[in-house]
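Please read the points with the model open.

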Amino acid sequence: MKAFIKGISYYLPVKELTNQELVAEFPEWTVDKVAAKVGINSRHIAAPDETAGDMAEKAAEALFVEYKIDRNTIDFILLCTQSPDYPLPTTACILQDRLDIPTGCGALDFNLGCSGYVYGLSLAKGLILSGTAKNVLFITSEVYTKQLHPQDKGNRTIFGDAATATLISTEGFAEIGSFCLGTDGSGADNLILRSGGRRNPSPMQETVAEDGSPVYPNHIQMNGAEVFNFTLTMVPPLVEGTLKNNGLENEQINLYVFHQANKFMLNTLRKLCRIDPERFYYCMEDVGNTVSNTIPIALKRAQEETAIKPGFQVLLAGFGVGYSWGGCVLGY
Amino acid sequence: MDVNEFVNAFAAEFEETDPSEFTAGTSFKDLGEWSSLTSLSVISMIKLKYGVIVSGLDVNKCTTVADVFALVKKSNG
């Protein structure tokens, strides 16, 4: 048996935050220069009362309509989010009810960021190949912007909110190939939200680091230079490993779709991995870094723009918070 | 590894500062254009050109361009 992607849809919140609005808030911030470097001009922001669960529901409903999917055929819901609606119950369980999917379905959340889409595909493929499920509804939904410090202009320039829904089934338009996965928890401290879990349940005191930069323990904090170095170290072997596990060479990949972290990082990684620009997809200008949503949004847009055509081998690579990374090949 | 070549490559990562302002003795953190983003550009240049990864923390501990060059040479073994 094989597993395929049968449909991808996405939802973007209504509110758009433009670079002009960021300049108004941070007059000292040379946002145009930053925008040119990171390749992001605007990003979507979830409404104050809009949760990851709300956006997940909208992405799934869009998928059902767009691909004329009978929701009664869904027998598993996977939700990738780091911003669940509640500590418990699992948001995927709530979605079963909200989406009116039969109670005979399995449902679970998993907590991953930028590697989450590749991991979700691997879990969905496992469910299909083991015969546990026939139609897996795999949703990614993230509201990082709610967890950014208002003064954290760097992260506020990069991150945006979004949700996507992918149907993985026994037939479809893109066969899910073999995976290459990796983890290095020693990098946890470089991209972290320190308070709010059981380790530090109460809000913590904001401090200043040795180098004078502010520490925001109650918001998502990223050590950009360290995360950047992690990607320089791990992404080239990830691409090599993914090619090897699929029995392919670099030249046989028609399009590379990486996690859309920011343009500067992707340019560097592209050169390091010796990929020519014509086979490398960029998709962040109007959405920003939407964490686990970037790869499915890019896949959807690439397909619409015919940057992906039938017969293409497309290599996906996701990498980030954890540290966690994963790659796979889709055969269109 | 040539220090002058390194100074030129280092200067090329700056968009506004004139390349003629850079020497091995330049205190790069005093330049108006130095920021966390330029530091990432320098780290990226070093990886692409010299094949080694230097940490942002170590770059920030350096004072002159020559200090960064010494860091690269040390990392290169």
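1. Chain A holds nine helices and 15 strands. Helices (H or I, at least four residues) and strands (E, at least two) are DSSP runs, numbered from the N terminus. The model is predicted; local features need pLDDT of at least 70, side-chain atom pairs count only at pLDDT 80 or more, and totals for chains, interfaces and linings use all residues. Residues are numbered from 1 along each chain as its sequence is written, while chains are lettered from A and ligands numbered from 1 in the order in which they are written.

2. Overall size. The C-alpha trace of chain A spans about 55 × 45 × 35 Å along its principal axes.

3. Burial and contacts. Of the 332 residues in chain A, 48% are buried. A residue is buried if 20 or more other C-beta atoms lie within 10 Å of its own, exposed if 12 or fewer, and partly exposed in between, with C-beta atoms placed from the backbone. Among contacts in chain A between residues at least 6 apart in sequence, 78% join residues at least 24 apart. Contact means that the C-beta atoms of two residues, placed from the backbone, lie within 7 Å.

4. The sheet. Nine strands of chain A form an open sheet with mixed pairing, in the order 5-4-6-7-1-8-15-14-13. Strand 5 (106-110) and strand 13 are the edge strands, each pairing on one side only. Neighbouring strands are turned by 25° against each other on average, direction ignored. Pairing requires at least two DSSP bridges between two strands. Strand 6 and strand 7 of chain A pair in the antiparallel sense, over eight bridges. A:Ala165 in strand 7 is the bridge partner of A:Ile139.

5. Helix 9. This helix of chain A packs on the sheet, touching strand 1, strand 6, strand 7, strand 13 and strand 14. Its direction makes about 100° with that of strand 1. Axes are lines fitted to C-alpha atoms, for helices over the stretch in contact, and angles run from 0 to 180 degrees between N-to-C directions. The buried residues of helix 9 (residues 294-304) are A:Thr294, A:Ile295, A:Pro296, A:Ile297, A:Ala298 and A:Leu299. Among the elements they pack against is helix 5 (116-129). A:Thr306 follows helix 9 and has a positive phi, near 55°.

6. Two domains. The assignment for chain A, automatic or from a database, gives domain 1 (4-172) and domain 2 (178-331). Their centres, taken over C-alpha atoms, are separated by 15 Å. The contact takes 40 residues from domain 1 and 41 residues from domain 2. Helix 5 of chain A gives the most to the domain 1 side, with six residues. By class, that side has 19 nonpolar, 16 polar and five charged residues. Ala, Val, Leu, Ile, Met, Phe, Trp, Tyr, Cys and Pro count as nonpolar, Asp, Glu, Lys and Arg as charged, and the others, Gly among them, as polar.

7. The chain contact. Twelve residues of chain B and 14 residues of chain A take part. Helix 2 (36-50) and helix 3 (56-61) of chain B each give two or more residues to the chain B side. Helix 2 of chain B supplies the largest share, eight residues.
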